[in-house]
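Please open the model in the viewer and follow the stops below in order.

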4 protein chains.
Amino acid sequence: MKQDSIRPLLDQICTHMGNEQDRGAVASYIPELACIDPAHFAMSVCLPDGTQISVGDAKIEFSIQSVSKVFTLAIALGRHGDHFWTRVGREPSTHVFNSVQELEARDGIPPNPFVNAGAIATTDCLLVGATPKETLAEIVQFMRLAASDDAIFIDPDVASSEKETGHRNWALAHFLRSCGNLRHECELTLGTYFHHCALAMTAEQLARAGRFLAGIHPAGNLIAPGHIRSINALMMTCGHYNGSGEFAYRVGIPAKSGVGGGILAVLPNRASIAVWSPGLDRYGNSLLGTQALEILSQELCLSMFSVAPGMASQG
Amino acid sequence: MKQDSIRPLLDQICTHMGNEQDRGAVASYIPELACIDPAHFAMSVCLPDGTQISVGDAKIEFSIQSVSKVFTLAIALGRHGDHFWTRVGREPSTHVFNSVQELEARDGIPPNPFVNAGAIATTDCLLVGATPKETLAEIVQFMRLAASDDAIFIDPDVASSEKETGHRNWALAHFLRSCGNLRHECELTLGTYFHHCALAMTAEQLARAGRFLAGIHPAGNLIAPGHIRSINALMMTCGHYNGSGEFAYRVGIPAKSGVGGGILAVLPNRASIAVWSPGLDRYGNSLLGTQALEILSQELCLSMFSVAPGMASQG
Amino acid sequence: MKQDSIRPLLDQICTHMGNEQDRGAVASYIPELACIDPAHFAMSVCLPDGTQISVGDAKIEFSIQSVSKVFTLAIALGRHGDHFWTRVGREPSTHVFNSVQELEARDGIPPNPFVNAGAIATTDCLLVGATPKETLAEIVQFMRLAASDDAIFIDPDVASSEKETGHRNWALAHFLRSCGNLRHECELTLGTYFHHCALAMTAEQLARAGRFLAGIHPAGNLIAPGHIRSINALMMTCGHYNGSGEFAYRVGIPAKSGVGGGILAVLPNRASIAVWSPGLDRYGNSLLGTQALEILSQELCLSMFSVAPGMASQG
Amino acid sequence: MKQDSIRPLLDQICTHMGNEQDRGAVASYIPELACIDPAHFAMSVCLPDGTQISVGDAKIEFSIQSVSKVFTLAIALGRHGDHFWTRVGREPSTHVFNSVQELEARDGIPPNPFVNAGAIATTDCLLVGATPKETLAEIVQFMRLAASDDAIFIDPDVASSEKETGHRNWALAHFLRSCGNLRHECELTLGTYFHHCALAMTAEQLARAGRFLAGIHPAGNLIAPGHIRSINALMMTCGHYNGSGEFAYRVGIPAKSGVGGGILAVLPNRASIAVWSPGLDRYGNSLLGTQALEILSQELCLSMFSVAPGMASQG
């Protein structure tokens, strides 16, 4: 990826998205998300040479929500290693992101760490030997280090709204606990979970935070390369819930979405990309964010599954 | 990938696999597969420069079975384009490869072209405007062109055994037909399906046949680059049935397995790899074949999800 | 039940049903059923004293379809005794009557003998030691004896239409066979099944055929009283597919419906009742037939679950 | 049923059950239930003439648990009438009694009032316009009236143990709430639910409490006869969770079980029967309690589905 070719393309995408009429539906289950203006759009790209190119509202904070699951997984793998996988699976899901059904069918082992049940179990792992406050401090600290930005914070209003109204997540937590797959009280684990989902970040910060997964963080490897590979693989097969196959087909880059409209996409050795547009598709993934990544991927041949044009067309 | 570093590694893997005690269980539902010696092991790698490196029983034919679904998909996409996707989905499955359950839950639209139901619908697409004989001729012709080898043939005994005993596939075909998602008589479509699954190929032939998906076929692009990208993406998310997430995690290369013990793995722009070991794991994928690919991927850092070691460890 | 009170009530119900606008949808999957006039309505009641009271089109034949499952179960229990239950369960179903999903979830053991899968397995039991022709002769013979009428016959056009178009049933048969729960070729078993479903009977004949289940057949017990009890219990919990709970709630009489619009209802020691109206509800049960039975049950306090009005209101 | 023939039979059953080795497994999820001696057995029968015949530990209290759902349903139907059915279905379930899966598949409408989800929704209905304390007072009052015994009480230790450990029920409550099918805070509804499940009663008291459903309460009808019919129908099709079909087949009497080992069986116009044996079968129903009812039903021809022996054998 050449810096020169990226900026005009990002500008073009940003203009295109600004004119798009069908912007999806903003998440409405808590007032803090429901009131977000669906007109927002931002995109930011970090390259191996340290440059960062951004367009749109890339300096406006949004709730990263489920994108935070990538970072809690990184910390959990670092702390528990392969033992982590005794509690969470590594397979895509076919039901909605907050399905209890799938959890019951699997006897309390979530299919993967990126559906809600799996992320709650991941958070529970982080609480081993640490208080919620310490755990959240560690997560925020990790985010700040990853993003090279000490200004990152958790939005307490979002966290407490989730706690009030997140009945589906409470159902998941109690179900996990009934299966012996939650070591701490639901209040503790969910309280922590709701807080890290409430991390407020800009697209610029998020793109920088993803650099370590692309192996292009200026401070080198924040976590073991083997864990980076694991996380990227899971983002490819499970990063967009039951729309993951479709995302791999259309975009072809490991990525994780959040219900706040953010998506973090990671191209190993080449780029870390963040996109934000608050309106969601029927799977709960950013509608325009996905479109933007699809255009970027197509125009620059970024899909991992592409063959080099020159080679394929030489016949 | 350097040719020099590959041969010793392949030799080492071949020796290792020869000594492995737990070889999985050979498919037993038809006598032609049940009688295969589980001691077989073969691996073959085709590189962009035209070289091919093989070890083990790489010149012994085996039944490629579901690996053929990659090639019928290639032909179907070529003929029907995006219209093909009105009949088959693009999402991973969570049930066994021959599940009717999943098909019923999706109102007769198979989750993807690589589970049996999806592949039967794909074969049905190929029969539009062509007889089974013509369709099979086209498939064989495509395989021979892809593998640069006119000796490839269909094993009639395997095909007729499948027809006799493949009651689960008959159930799938009738179910598809009851939903209006099979245009031809079950006998026609399944007859054709059983025959292309009965293609007999060596690991060498299979590796060569996969070159066009890696964009390294000597004759250039056999199909549109966009379709290559689609097929590779689907192999990554759906190529190993309900064990696809696990395969992506462990190996990180788009690949498709068959119940005959073969796996075709495709690394865009870099390599086409075939492996064969008849014993299967609980998902119906080659047990040692998967292990062999995992070792190869790890040793040569082939996983698409890896970051360059130098970069990640520079910190 | 007094004969004198029944006739006026049946007349009243018949008039009421004649005026009903919403008559449900006639089964449309085969032409022989699709062409039936939804205006038909018939009801017939057999009492212990040998009298039979009928209204409406009670002398017009209709295809009894799944009502035949009651009679094949009676014969199968007589021949195989409790051993029969190794192949079929005794629990209600929650999916549609021809669901493969439920069968797969239960590893090939149908939930009960009254869903299609269970009835196909029942027919398969009848074929042990007998040809399809002999089995059908036995079934017809049993029906004639039960109904005291030698004119009962199988409609060959209905049977052959089913064979052509019954892809869901073919899917079920092949699935059963793939699980080892079908001893004969699908063609044999399904051929027999389609034929006994194609029995053509009048409401008068059907009511008489049900007398042995009420213990009021003039020739005494055609089958063991224990088997009568079993069949009646199953009709109560499973006789209306996934609408069985609703039927028990509204009508409270063991009964079995058929897609031809017939229902046989059995009140032990008191009455055998047949009703026919071709239009179906969303579960595949006769819409007006159910309403007619509900009115009859309410007016005469026939629900097994009723308390005697005098007793309950004495307080 | 003749009083004279019942006592010796009950004595015989009691002796038989005392000698039974396989007594099932006592519920172990709360200490109060886990410590119950599985040797207990009691049976009590109330007849229309006002007599009551009891054997075994019929004066020892046990936790009636889910048997209480029959009584809360009676009160809820009395208060809300048919409007009640907008929130709960009337169909049998095929999953375990505390399944969330089934609730999710039905979009938050429990299949029937006797699985946990349905009973929680029923309790929520009772809280409309009343505090938990008032609601519990009403329930206890109803039980005392039904049982003609003012000594009936709620065991606070059982209630509070449930509250601590009943994570599956918390999951159900939160799931219901997330679907808008719980009007009150989970704490309020579940608190009330856990308390009425903790009603402590003897077999004698329970048999008397069931008289109104048999229409043989000395004070006449406590609720509308139409509601009695509804409740009895639901006990037949749904009273034993996913073992209801089997119970109807073996016993043939409307009945409701509880995880404390109690079963209330109601034979309209003829008898109200309570049985208690703490060991459970795999569905969570009393193992010996079911056997005892099966013997009683067989010996006295009590199954609703039986034909009179004289009639059936007269041929």
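Begin with chains C and D: 47 residues of chain D are in contact with 47 residues of chain C, contact meaning heavy atoms within 4.5 Å. This is a predicted model, in which local features need pLDDT of at least 70 and side-chain atom pairs count only at pLDDT 80 or more, while totals for chains, interfaces and linings use all residues. Residues are numbered from 1 along each chain as its sequence is written, chains are lettered from A in the order in which they are written, and side-chain values use heavy atoms, without hydrogens and water.

Between chain D and chain C about 3800 Å² is buried, 58% of it from carbon and sulfur atoms; buried area is the accessible area (1.4 Å probe) that two parts lose on being put together, summed over both. Select Arg229(D), Tyr249(D) and Phe305(D): in chain D they lose the most area to chain C, together 21% of what that side buries.

Next, display the salt bridges (a side-chain nitrogen of Lys or Arg within 4 Å of a carboxyl oxygen of Asp or Glu). Two are found across the interface of chain D and chain C. Arg90(C) forms a salt bridge with Glu246(D), with 2.7 Å between the closest N and O atoms.

Helices are DSSP runs (H or I, at least four residues), numbered from the N terminus; axes are lines fitted to C-alpha atoms over the stretch in contact, and angles run from 0 to 180 degrees between N-to-C directions. Residues meeting across this pair include Trp170(B) and Phe175(B) in H8(B), and Trp170(C) and Phe175(C) in H8(C).

Notes. Helices (H or I, at least four residues) and strands (E, at least two) are DSSP runs, numbered from the N terminus.
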